[in-house]
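Dear colleague,

I am passing the structure on to you with this message, and below it you will find my notes on what turned up when I went through it. Please read them with the coordinates open beside you.

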Number of protein chains: 2
Amino acid sequence: MKVLLGISNRHVHLTEEDYKTLFGDEPLGVVKELVQPGQFSSDKKVTIKTEKRAFDGVRLLGPLRSYTQVEVSKTDSFGLGIDPPIRNSGDLENAAVVTIVGPKGEVTKPCCIIANRHLHINPQQRQELGLVGVDKVSCIIPGEKATRFDNVWIKESEDYTLELHLDTDDGNGSLAKTGDEVEIIVQ
Amino acid sequence: MKVLLGISNRHVHLTEEDYKTLFGDEPLGVVKELVQPGQFSSDKKVTIKTEKRAFDGVRLLGPLRSYTQVEVSKTDSFGLGIDPPIRNSGDLENAAVVTIVGPKGEVTKPCCIIANRHLHINPQQRQELGLVGVDKVSCIIPGEKATRFDNVWIKESEDYTLELHLDTDDGNGSLAKTGDEVEIIVQ
């Protein structure tokens with residue numbers, strides 16, 4: 001079966017408290033709605049900083065969440081000189097420490113992960129696609145650098161719609177792009 | 001069967017003429033022998049430059065060759081703002097234009113590619129491993145970001161020894177590292 005692909009560049013999620021520390025009373029604006037319903041690319045950017053290096057212009061995704069999380073690629077992590085764990089979103093066990101800098105302040109906390117490959121799906125779609133009881137799938141990318149990505153975790157929520165997320169390392173290595181329709185198979 | 005893996009960071013090969021333009025009469029020294037017999041990491045670094053960005057400290061590999069070639073990852077190419085083709089080493093058809101800067105001068109030419117995944121092998125090893133007549137293999141990386149890389153081109157020469165080369169996008173996406181022993185299968 002084919003699903004829509006989205007490639008995630010490094011980005012940040014913030015709690016309301018951390019947002020206020022970084023941006024004060026500035027309202028959080030929407031630049032672009034994302035494929036996942038209710039999620040958006042915001043009008044705010046931050047700097048992600050470690051002792052080794054800083055990345056400017058890292059996008060804050062909205063809405064605000066119950067946890068602050070920085071998602072980077074393995075390539076980014078070498079640049080930053082940190083070793084973040086591979087995690088599902090929201091699981092910050094042993095997350096790497098980074099500093100997030102905004103115009104009004106900064107926060108330093110263990111919040112940086114490399115996200116697992118994952119497939120957003122809602123319960124209806126999971127039923128229709130025969131993926132009930134399946135935890136992980138593989139994703140097939142054709143082309144000059146054809147690749148099969150395993151361990152794509154299924155993330156189900158009523159709020160989701162069918163979309164597969166890879167990070168920029170996987171996307172660039174396989175030459176896959178946001179908007180591609182890619183084949184998934186049960187592992 | 002298992003083979004040794006090497007992850008190639010961005011690097012440069014130079015002709016003798018281009019070497020002289022960049023480094024004048026400085027001798028080319030060896031910092032470290034590579035796995036491929038006769039190949040070495042040299043004591044020289046260059047800057048790779050486009051209108052958009054420059055990467056400093058890019059390693060020159062030796063010995064000098066009959067062609068000048070810059071090998072980058074897709075991630076690097078976005079940073080440089082260029083669109084290099086996926087090529088086997090030495091095939092510079094439609095290569096992207098970059099400027100290579102050394103202490104004594106610079107050269108600007110269409111020499112930048114993204115290297116195909118490839119397996120170095122000598123004729124004896126190819127025979128022993130049953131790969132005579134096989135052009136491409138796949139490589140299996142286990143782990144949290146388990147991946148199967150297809151279209152790994154077999155490059156045979158008497159001068160080679162068995163080693164599989166991936167670029168940093170593929171290596172970082174799959175968490176594979178130089179020195180890993182990885183499984184290959186015939187596609």
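To begin in chain B, P63(B) is placed in the loop that runs between strand 5 and strand 6 (69–71) of that chain, and the peptide bond that joins G62(B) to P63(B) is cis, with omega at about 0 degrees. Please bear in mind throughout that this is a predicted model.

Chain A has a cis peptide bond from G62(A) to P63(A), with omega near 0 degrees, and P63(A) is found in the loop between strand 5 (54–62) and strand 6 (69–71) of chain A. I mention both bonds because most peptide bonds are trans, just as most residues other than glycine have a negative phi.

N94(A), although not a glycine, has a positive phi of about 60 degrees, and its place is the loop between strand 7 (86–87) and strand 8 (96–101) of chain A. N151(A) likewise has a positive phi, in this case near 55 degrees, but N151(A) lies within strand 12 of chain A.

Which residues does R148(A) touch, once its neighbours within four places in sequence are left aside? In its own chain R148(A) is in contact with S138(A), C139(A), I140(A) and I185(A), and from the other chain it meets A146(B), T147(B) and R148(B). The C-alpha atom of R148(A) is also separated by 9.7 Å from that of E183(A), a residue 35 positions away along the chain.

Finally, there is a surface feature to which both chains contribute: K52(A), R53(A), K52(B) and R53(B) gather there in a patch of positive charge. Of these residues, R53(B) is situated in the loop between strand 4 (40–49) and strand 5 (54–62) of chain B.

Notes. Residues numbered from 1 in each chain as written. Chains lettered and ligands numbered in written order. Predicted model: local features only at pLDDT ≥ 70, side-chain atom pairs only at ≥ 80, totals over all residues. Heavy atoms only, no water. Patch = residues over 30% accessible without salt bridge, like charges linked within 9 Å, V, L, I, M, F, W, Y side chains within 5 Å. Areas by Shrake-Rupley, 256 points an atom, 1.4 Å probe, with all protein chains shown as cover. Salt bridge = Lys/Arg side-chain N within 4 Å of Asp/Glu carboxyl O. Lys, Arg positive; Asp, Glu negative; His and termini not counted. Charge placed at Lys NZ, Arg CZ, Asp CG, Glu CD. Helix = DSSP H or I, 4+ residues; strand = E, 2+ residues; numbered from the N terminus. Contact = heavy atoms within 4.5 Å.
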